[in-house]
Amino acid sequence: VVGDAKAEVVDGVLVGTQKSPKGGNLFTETDHDDFELRFTYKVDWPANSGVWFRYDGKGYQYDILKYKKPVAFSGTLYCPGKMFITRNLNEALENKDGWNEGQIYANGEHLILWLNGTKVGECKDDTLRKGKIGMQVHGGKQFTEMAIHIKKMEIRKLGRDDKPTVPVKK
């Protein structure tokens with residue numbers, strides 16, 4: 001854990017919450033470069049959280065949020081200094097009260113994000129090539145009741161020519 005978040009396993013589910021309004025992150029010990037990551041999550045709203053990838057002090061983030069200006073919903077691709085690289089504009093794709101399937105394809109500069117089987121973002125960006133994977137618990141008093149729950153994470157290392165595994169729509 002980096003920062004002031006609390007991460008614990010409850011009934012086999014990783015749960016991240018704030019210990020103070022500062023928030024924090026939980027990261028892998030190893031770096032990852034080209035991979036496909038699938039994860040099953042739900043959040044207690046209001047929330048601003050996400051899954052970091054290629055994090056090296058900065059990182060890309062599969063955002064889990066409802067943002068007003070500019071409008072963006074879960075499945076949006078965030079990068080510090082660039083803000084949103086791609087935005088999910090369809091709030092209805094996310095099950096606000098239950099479990100959701102997120103998927104990230106990061107192979108070279110090619111990045112694709114899916115939410116519950118629907119592609120919500122695709123771009124070419126070479127800002128970050130390698131780094132840790134992590135879970136964010138965003139700071140802020142408005143998120144003190146927030147919790148992120150991750151019950152499954154699977155990663156597949158990719159070779160240069162490996163194509164994404166297209167998820168099944170829910």
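These legends describe close-up views of a predicted model.

Local features are given only at pLDDT of at least 70 and side-chain atom pairs only at pLDDT 80 or more, while totals for chains, interfaces and linings use all residues of this predicted model. Residues are numbered from 1 along each chain as its sequence is written, and side-chain values use heavy atoms, with hydrogens and water left out.

**View 1. K132 and D31 form a salt bridge.**
A salt bridge here is a side-chain nitrogen of Lys or Arg within 4 Å of a carboxyl oxygen of Asp or Glu. Side chains of opposite charge can pair when their charged atoms come close. In this pair, the closest N and O atoms are 3.1 Å apart. K132 sits in strand β11 (residues 132-137), and D31 sits in the loop between β2 (13-27) and β3 (35-44). Strands (E, at least two residues) and helices (H or I, at least four) are DSSP runs, numbered from the N terminus. The two partners are 101 residues apart, and the pair links distant parts of the chain. K132 counts as partly exposed because its relative accessibility is 25%. D31 is also partly exposed, at 40%. The cut-offs are these: buried means under 20% relative accessible area, exposed means over 50%, and partly exposed lies in between (1.4 Å probe, protein chains only).

**View 2. D125 and K82 form a salt bridge between two loops.**
The closest N and O atoms of D125 and K82 are 2.6 Å apart. D125 lies in the loop between β10 (118-124) and β11, and K82 lies in the loop between β6 (72-79) and β7 (83-88), so the pair ties together parts that are 43 residues apart in sequence. Is D125 buried or exposed? D125 counts as buried, because its relative accessibility is 8%. K82 is partly exposed, with a relative accessible area of 40%.

E122 is partly exposed, at 38% relative accessibility. K119 is partly exposed too, with a relative accessible area of 45%. How many salt bridges does a search of the whole structure find? The search finds 13.

**View 3. C79 and C123 are in no disulfide.**
A disulfide is a pair of cysteine sulfur atoms within 2.5 Å. The structure holds zero of them. For C79, the nearest cysteine sulfur is that of C123, 9.4 Å away. C79 counts as buried because its relative accessibility is 1%. C123 is buried as well, with a relative accessible area of 12%.

**View 4. Strand β9 (residues 110-115) is mostly covered.**
Six of its six residues are buried. H110, I112 and W114 point one way from β9. L111, L113 and L115 point the other way. Both sets are buried.

**View 5. β9 pairs with β8 and with β10.**
Two strands pair if DSSP finds at least two bridges between them. Strand β8 (residues 100-107) pairs with β9 in the antiparallel sense, over six bridges. G102 stands opposite L115 in β9. β8 and β9 form a hairpin with two residues between them, and G108 in the turn has a positive phi of about 65 degrees. On to the next hairpin. β9 and β10 run antiparallel, joined by six bridges. The bridge partner of H110 is K124 in β10. Two residues lie between β9 and β10 in their hairpin, where N116 in the turn has a positive phi of about 50 degrees.

**View 6. D63 and Q136 are 73 residues apart in sequence.**
In space, their C-alpha atoms are 9.1 Å apart. D63 lies in strand β5 (residues 60-67). D63 counts as buried because its relative accessibility is 3%. Contact means heavy atoms within 4.5 Å. Leaving aside neighbours within four places in sequence, D63 contacts residues including N48, S49, G50 and F84. Q136 is found in strand β11. Q136 counts as buried, at 10% relative accessibility. Which residues does Q136 touch, not counting those up to four places away in sequence? They are G24, N25, N48, S49, G50, W52, Q61 and I148.
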